[in-house]
Protein chains: 2
Amino acid sequence: MAFSERVARLKSSLIREILAAAQRPEVMSFAGGLPAEPMLPKVEWDAMPASMGQYGTSEGEPALREAIAAEARALGVPCDASQVLIVSGSQQTLDLASKLFIDPGTEVLLEAPTYLAALQAFQLFGADCIAVPQESDGPQLDALRQRLENHKPAFAYLIPTFQNPSAVRYSEAKRDAVAALLDEFGVTLIEDEPYRELVFDGGSATPIVSRLKKASWIYTGTVSKTLLPGLRIGYLIATPDLYPYLLRLKQSADLHTNRIGQWQALQWLGSEKYRGHLAELRDFYRIRRDAMQAVLAEHFSDLAEWQIPQGGLFFWLTLKKPLDTRTLLAPALAQNVAFMPGEPFFIDPDAHPGHLRLNFSHVAPERLSEGLKRLAEVIRQAQAS
Amino acid sequence: MAFSERVARLKSSLIREILAAAQRPEVMSFAGGLPAEPMLPKVEWDAMPASMGQYGTSEGEPALREAIAAEARALGVPCDASQVLIVSGSQQTLDLASKLFIDPGTEVLLEAPTYLAALQAFQLFGADCIAVPQESDGPQLDALRQRLENHKPAFAYLIPTFQNPSAVRYSEAKRDAVAALLDEFGVTLIEDEPYRELVFDGGSATPIVSRLKKASWIYTGTVSKTLLPGLRIGYLIATPDLYPYLLRLKQSADLHTNRIGQWQALQWLGSEKYRGHLAELRDFYRIRRDAMQAVLAEHFSDLAEWQIPQGGLFFWLTLKKPLDTRTLLAPALAQNVAFMPGEPFFIDPDAHPGHLRLNFSHVAPERLSEGLKRLAEVIRQAQAS
């Protein structure tokens, strides 16, 4: 069978395999990024017009595009509805952007670590990935400037707000500095913000795209973390030089995004009901985050270091004695515990041993302590042997 | 801005532009392939479990995969649920297959004419398209053999049942002959069957994939023509040598298909309610087809030739005095009539003037005569000048 060249770059997805193993009910899974089941809101369908069953436009429902543009403008993103494209989950933004920009050997700039499924999507299309190390308040600026001086990336892909996996939120100063650098070198920014609304402190910072003066950009978001992931409703907002191409690529990919999910999302966006739901979500996840922090302090203080995440769904642990955490998966699963090894989130996994990504939204509080105790024991045994 | 090479192959979609123009309520549109609004079934959502709001698997809902495999087996397609992948409308099958097989210059074999959006998807990825002329009962077999002897296509993409645009249904003999040829040359078949259930006579013929003995295959279908296109629920069934790659490409494209649409589709597939709805659909469209045939006979007998379609949604007219039907679009729209020119359905449009694709499902019967009379007049004027 003669496949395309890109199939050789199609990686077996570690995440998918771990999630499959973690499906067994007895497994305490810190691996995924699933919303907590009790926090999935009850939705109503009775008022949906029958016309939502008909074919729709590739751009998406006009009223939903208006609502998303209004929310983005409130964050300082200069845009109108004509720049909004409804996508089948924000993962599709990565597919469309890959098609728009990436030939084999095209350079793209990423954070280290970065979102695994983005890395895999870009690599599938043959990207030559260049990494900028992430610090606790955003990318190392010297390294970013050096990469921009020595390379010609088609775009920079950044997750500045509660990044998956590192939970880092860029400071105001770094957001300004990154925007200035991208403007200076004329590099397009793809800014991915699934976790913006899952914030547990008072802080907030406007998107980097709102700080750009010259560079082109794509800003992408989703309702998957705040409403219902099963709807598969995401969006992108793009500068007018990019939008027409993304629209045609969207049409070729799947004609248009499902309209029933678009209609449901529209019932929530910008509503009082949604604001109330988001407040409940933040309270719920803050309590789970605090519970996780307490148990981690008990079992992991001697093993690892971490920042307390101010938003998002993950703790990012750095082992004091690094080892390849992929080797911990089998013994952890044997103890009915699942987690995400840190290595696959880097372009060069073998050069970055010793990180674990732990989700705090999914495991029920009564099983938290037992799960983390078992995981700590697995690490201790591996380090001892 | 440096885009990927494939962007240069991204065609402006004539269909999208025509459909946009045809949105105006005063336009009598024979252009699209939209189901008739009155035949969109009323659907219920009350019984949908809350869990459908959560993330799902890339493969799709297990019960839906089982139901689709059972229907396919009833058609003679040898398969089980593990070979079924739920996709975001069958357009996504074309995107996934393109990713699996097509590098720039990869040869693929198509019917002439073929489905426009498939042609565009394959060309976007750089396919070198090879065409086999379509006859009234399927492809010219001599031409097919000659193409297979002289080329090494990665796959053959065929629409054997009420093809869009030509409405051709392959005969039993040609289905057997095509299967034998693909087996002989070891060429993978992609068989696209959106219109199988929209049949207006007693005839039926099993899929070509059920007749293959050796060649690999992908069989793809959708609920868009029989239930609700707005759900964006399609499926593919693939031989086990192809399935794992298609699954990983699906995951990279959009993680998984929306679950609410999957749940709704499952309420219908294989049910008594669905069989009743399909029977009503066939009656409704048969009446519209017959009405269209009567009006065409009145206004187009001197202008064109055509077969009466035994299924699907289209008449395919061949002008007795060929001209580039793309030049008719503007004058037709000036008369508030929209149609699809035939040229874009061919790899080499300029070599195939003189076809029109006319949809019979959408225009209300009371406007049919006036619409087709105006279109005939536009053609007469163009031929006179």
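Chain B and chain A bury about 5,600 Å² between them, 58% of it on carbon and sulfur atoms. Buried area here is the accessible area (1.4 Å probe) that two parts lose on being put together, summed over both. This is a predicted model, in which local features need pLDDT of at least 70, side-chain atom pairs count only at pLDDT 80 or more, and totals for chains, interfaces and linings use all residues. Residues are numbered from 1 along each chain as its sequence is written, chains are lettered from A in the order in which they are written, and side-chain values use heavy atoms, with hydrogens and water left out.

**The interface**

- Chain B brings 66 residues to the contact, and chain A brings 66 residues. Contact means heavy atoms within 4.5 Å.
- The rule finds two salt bridges across the interface of chain B and chain A. A salt bridge is a side-chain nitrogen of Lys or Arg within 4 Å of a carboxyl oxygen of Asp or Glu.
- One salt bridge joins B:Lys99 to A:Asp95, with the closest N and O atoms 2.6 Å apart.
- On the side of chain B that touches chain A, the elements giving two or more residues are α3 (91–101), α4 (116–124), α7 and α8 (259–268) of chain B. Helices (H or I, at least four residues) and strands (E, at least two) are DSSP runs, numbered from the N terminus.
- α7(B) gives the most to that side, with eight residues.

**Helix α7 of chain B**

- Helix α7 covers residues 243–254 of chain B, twelve residues in length. From first C-alpha to last it reaches 17 Å, close to the 16 Å expected at 1.5 Å a residue. The expected span is 1.5 Å times one less than the number of residues.
- Ten of the twelve residues of α7(B) are buried. Buried means under 20% relative accessible area, exposed over 50%, and partly exposed in between (1.4 Å probe, protein chains only).
- The buried residues of α7(B) include B:Tyr243, B:Leu246, B:Arg248 and B:Asp254.
- Just after α7(B), B:Leu255 takes a positive phi of about 65°.

**Salt bridges within the chains**

- Over all chains, the structure holds 44 salt bridges.
- A:Lys174 and A:Asp137 meet through their side chains in a salt bridge (2.9 Å, N to O). A:Lys174 lies in helix α6 (residues 172–185) of chain A and A:Asp137 in the loop between β4 (128–135) and β5 (138–139), so the pair ties together parts 37 residues apart in sequence. A:Lys174 is buried at 8% relative accessible area, whereas A:Asp137 is partly exposed at 28%.
- B:Glu197 and B:Arg282 also form a salt bridge (2.8 Å, N to O). B:Glu197 sits in the loop between β7 (188–192) and β8 (217–222) of chain B, and B:Arg282 in helix α9 (residues 272–300) of chain B, 85 residues apart. B:Glu197 is partly exposed at 29% relative accessibility, while B:Arg282 is buried at 19%.
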